[in-house]
Every structure is written in structure tokens, then in C-alpha cells.
Amino acid sequence: MDLYEHQARQLFQDHGIPVPRAEVTRSPKEAREIARRLGGRAVVKAQVKTGGRGKAGGVRLVADPAAAELTARQMLGTAINGHRVRTLMLAEPVDIAEEFYVSYVLDRAAGGFLAIACAQGGVDIEEVAAHHPQAVARIPVDRAEGVTSAKAGEIASAAGLPPRTADVLVRLWQVLVAEDALLVEVNPLVRTAQGHVLALDGKVTLDDNARFRQARWGDEDDEDTEQRDPLETEAAARGLHYVKLDGEVGIIGNGAGLVMSTLDVVAGCGARPADFLDIGGGASAEVMADALSVVLADPAVRSVLVNVFGGITACDTVADGILAAVDRVRPTKPLVVRLDGNNAARGRAILDARAHPLVEQAATMDGAARRAAELAHTA
């Protein structure tokens, strides 16, 4: 779960990382009052979960409270990289002398964490990493040892950061461990003209699997409910792992690996997947019916491919779920079903016996993908 900037900075503040004064609002009039409390001048920052806000006009310096209100009116309701701006953060401006980049990220390949730091932070960090990779230090962090003062000094030295940033590096690691985060990032971490080190912006990704031990979590994703696609919201309410995509072939499978492979095969057949939907390894007929209901509710879907390899989920159970969904939603779009594995023959027989005019079967994943793509193109 990705946090908004204002949520990330609150975590930083809770762990002793210095941040500028700031307040959050959804009201232009309140933006004027916040700017007044901050001393008049303020930085108005759109709260959206996407990069490139500054270049897209989502970060603006205003000279006075009136300008803060006007900027808030202009910014609220607009979209940045497809993300609607519904919340703003107004922050106290600072006199920046230097900008740095620091982060800790889970390195899945190595089975540990990686510290990434650079003495050139800010909006052009991607260009620096692409054209001057030697300027970006990448230091493995032992999970058991963590980031001690000595390790923080090593990271700072490797990246060419001032020694005084070491304390922030230690505290940033504490954020990652205490909050069960997969990523913590500060860009930029700045040294002000007065010599202070501050985190001006932050990004934090929390590990959803750790929710059971994070009692303080609860409203971090409330704002996402408004921004999430309605079908994704409905799928989440049904306990489904669903991501809406921009294609025309609905995809349902059991197991993330199988679903990803199915997306690739469909794309290889010249069609675009409309979604990623994983019903899991032990799905019931009801889950299968819910999955089809969600996918078929997408007006962009022209055909649906159900690709199931029976294991814990038996293929006859999947077949029962398909027919239950067909009876429930009365689809007008064709379904291509590929069943293999546990009770596959029985599942195929169930579908054959019903002989629904919109449901057809394919023996292989490649064949099912080709047929689903053909149906999508002729629908």
C-alpha cells in the first residue's frame, strides 16, 4: 500500500526526521488560512500517488494567502498523470542549499534491503540515475544488523552526502522496520542555507501482509477509495485480487503466475488484456461467480478468458462457478474456458452438458488465448 506524501511525512515526523511545517486541506478557503498560519508564503503540493508532480504543475510556490487560495482552486479537481487531485498539502518554504536522494527498498532478488543514495536529488534524479549511474550509491543492508550509525556513515560517504545526514539515514531505517515498509524514500533530502537537514518529500510503501500487526493502520488508504476504479472497489469488497487494465479481453485465472502468463499470451495474440484477476488457489464456485460478475461488468470487455489449472481449486468447482455466474449476470459477451489439472475432465463435461451458447472451451492456453483474441476483435 502506497502512502500519500502527507502520510509519509507524518511517519517521518513520528520517528524524529525533521520536516517543514505543513497542513493538509481539500478547501481553497482553508488553503488561504493555512498559508497565513505558515507565514504567508507556502508551497502548494498536490497529493497524488504518481511521480513527476513538479513538472506537471502539481507543486507551486505561492507568495501570499490569496495566491494560495487561487492556486488551490486551480489545482483541486485536475488530473496529474491520470490521478485526480482531491487533497493538497501546504508546506512552509525553505531556503535550499543542496538536494540529496536517499531510500531503502526491498531487494527481492538478493532477499534483503538496499540503500540507494545520491548527492544529486530533486526532480531530475531519474536522469541522473540513467545518465550518470556511478553517481548513485547502492549499498546492501543486512537485515539483522540494520542501519547503525557506522552503516549510515558508510552510505553517506559512498554517495557523497554530508556526514550530518547519517542521523536521518538511521531514522529512515527505523521507519522501514517499525512500520513494516517495503520502500521508504526521501527526495529531496535537503540542507538548508541555515545548515539544517530536512525531508522535503517522502514516499512510503507499506507491506499489506503486515497489516495484522500494525494496529495503527486503518485510514491510510481511505483517500484511495475515492480514486480507485469502481470495479476495483467492488472486487476488493468481494475479496478478489483484481486490477483493471486498458484492454478488451477479460482475464481470470488461479494463481498470480498463471494469470501473468495468460496476460502475456493474450498480448502475443494481438489483443490487450482488460484486467488481472486471480481467484487464488482454493476458490469456491461463489468466488468464481463473483470474479466473472466483476469482469463482465467492465464495458470495455469484449470477450473473457478463464484459464484454470486445477490443484486445490478443482476444475468441476470452477465449472459450477462459471455456470452460476452465467445465470446471475446473463452475459452478452463470449467466454472461452480452458480447464486443466484436478477434475478437468469432469469440469469440461459440466460445461458441455449445459452447452451455453456464449461459453466455449479450448484444450490449451495458447488456443484459448487465440480464440479469446479473435472473439474480442469480431465482437
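I began with lysine 45 and glutamate 5, whose side chains meet in a salt bridge at 2.6 Å, N to O. I count a salt bridge when a side-chain nitrogen of Lys or Arg is within 4 Å of a carboxyl oxygen of Asp or Glu. Lysine 45 sits in strand S2 (residues 42–46) and glutamate 5 in helix H1 (residues 5–14), so the pair ties together parts 40 residues apart in sequence. Helices (H or I, at least four residues) and strands (E, at least two) are DSSP runs, numbered from the N terminus.

A note on my source: this is a predicted model, where local features need pLDDT of at least 70 and side-chain atom pairs count only at pLDDT 80 or more, while totals for chains, interfaces and linings use all residues. Residues are numbered from 1 along each chain as its sequence is written, and side-chain values use heavy atoms, leaving out hydrogens and water.

I checked burial next: lysine 45 and glutamate 5 are both buried. Buried means under 20% relative accessible area, exposed over 50%, and partly exposed in between (1.4 Å probe, protein chains only).

Then I looked at arginine 213, which forms a salt bridge with aspartate 180, the closest N and O atoms being 2.8 Å apart. Arginine 213 is exposed at 53% relative accessibility, whereas aspartate 180 is buried at 14%.

My last entry is aspartate 95, in the loop between strand S6 (88–91) and strand S7 (96–107). Aspartate 95 is partly exposed, with a relative accessible area of 46%.
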